[in-house]
Amino acid sequence: MATYNTYLDFAEEACRLAQMDTSLSADVTQAKAYVNEAYLRVCAGPDEWDFLRQDGQITLTAGSDVYTHAAIATALSVTYIDRILHIVNDTTGYGPLASMDWDALEEYAYSTQDSDPRGEPMSWAQWNTRIRLYPNPNRAYVMGVLVRLRPAAMSSDTEEPLLPAAHRRPVLVNYAAAKLLQIQGGGEALNNAREFMADHERAVREMRAAHASANAQNIRVVHPSLNTGLPGGSPSVPWLL
């Protein structure tokens, strides 16, 4: 049985299921649009997908307490970050840092600004696409971060989505085939479209059962650098999700 992994693979199979011609670039282009639509809709939903989580490290600059998602994404070698989930101090082993409301952290920092406190960051806040740490770091701490990625629309024919391999075809292809059949119209096409959309929805439920955190408080992901089983590790501090 063929294995479908790439953007073009999914689009061409959707065309075949909808009885469209894969040699016509317009048909394949339309199928690609629906593959991307399915991909972005599923990833942007309320589910806490484990495949969108990634951890890594950033190095703070002494005296700099604000960092953008873009800068953190660059440090983690990823394209886009949707939000920061947790932060620990890999230099000292402290963490997770306390997450605060941005206004609350601003108010607290303002109330102590006369002394301009600097030290080891103990708390952080997030606003739009940036975070602020408090206290202002007094040296170049290495921080472990857990982030949720924000997928971008696929563009290259050979690009692969972030979805787990086992769920890519049923989630993406069934949706695209359903949408292609819907625009064709006609009784038989619409009936087939409903069947493919039902298959897509069932596939999303199956992926949710395997990869979404329905009970977030019960899930712990240990940051590798805080694992005593690794060389140079310090006592494990779990990510409390």
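**Labels against cut-offs**

Reply: Let's start with the second largest pocket: helix 2 (25-44) and helix 6 (187-211) each put at least two residues into its lining. This is a predicted model, where local features need pLDDT of at least 70 and side-chain atom pairs count only at pLDDT 80 or more, while totals for chains, interfaces and linings use all residues. Residues are numbered from 1 along each chain as its sequence is written, and side-chain values use heavy atoms, with hydrogens and water left out.

Me: What makes something a pocket, and what makes a residue part of the lining?

Reply: A residue is lining if it has an atom within 4 Å of a point. For the second largest pocket that gives 13 residues, with Arg41, Val42, His200, Val204 and Arg208 nearest the centre. Helix 6 brings the largest share, 5 residues. Helices here are DSSP runs (H or I, at least four residues), as are strands (E, at least two), numbered from the N terminus.

Me: And what lines the largest pocket?

Reply: The largest pocket has a volume of about 220 Å³. Its lining counts 15 residues, and Thr79, Arg150, Pro151, Ala152 and Leu162 are the closest to the centre. The second largest pocket comes in at about 180 Å³. Volume means the space filled by probe spheres set on the grid points, which are joined across faces, edges and corners.

Me: How do you know that Arginine 150 lies over the face of tyrosine 80?

Reply: A charge sits over a ring if NZ of Lys or CZ of Arg is within 6 Å of the ring centre and within 35 degrees of the ring normal. Arginine 150 is placed over the face of tyrosine 80, at 4.7 Å from the ring centre.

Me: Why is the pair of tryptophan 49 and phenylalanine 51 called stacked?

Reply: Rings of Phe, Tyr and Trp (its six-membered ring) pair if their centres lie within 6.5 Å, and the planes decide the rest: under 30 degrees is stacked, over 60 is edge-to-face, anything else is tilted. A whole-structure search turns up 2 aromatic pairs. For tryptophan 49 and phenylalanine 51, the centres are 5.3 Å apart and the planes are at 25°, so the pair is stacked. Both members are buried (under 20% relative accessible area; exposed is over 50%, partly exposed in between, with a 1.4 Å probe and protein chains only): tryptophan 49 has 1% and phenylalanine 51 has 14%.

Me: What makes the pair of tryptophan 102 and tryptophan 127 tilted?

Reply: Its planes are 40° apart with 6.0 Å centre to centre. The pair links distant parts of the chain, 25 residues apart: tryptophan 102 in helix 4 (residues 102-111) and tryptophan 127 in strand 6 (residues 123-127). Tryptophan 102 is buried at 12%, but tryptophan 127 is partly exposed at 41%.

Me: How do you know that arginine 169 and glutamate 13 meet in a salt bridge?

Reply: The rule is a side-chain nitrogen of Lys or Arg within 4 Å of a carboxyl oxygen of Asp or Glu, and this N to O distance is 2.7 Å. Arginine 169 is in helix 5 (residues 165-184) and glutamate 13 in helix 1 (residues 7-17), so parts 156 residues apart in sequence are tied together. Arginine 169 is partly exposed at 25%, whereas glutamate 13 is buried at 7%. The structure holds 11 salt bridges.

Me: What about arginine 148 and aspartate 82?

Reply: They form a salt bridge at 3.5 Å, N to O. Shared partners join Glu48, Asp82, Arg83 and Arg148 into one network of salt bridges.

Me: Why does proline 46 count as exposed?

Reply: Its relative accessible area is 77%. Proline 46 sits in the loop between helix 2 and strand 1.

Definitions and conventions
1 Å grid on protein atoms, 1.4 Å probe; cavity = no way out; pocket = protein on both sides within 12 Å on 5 of 7 lines; lining within 4 Å.
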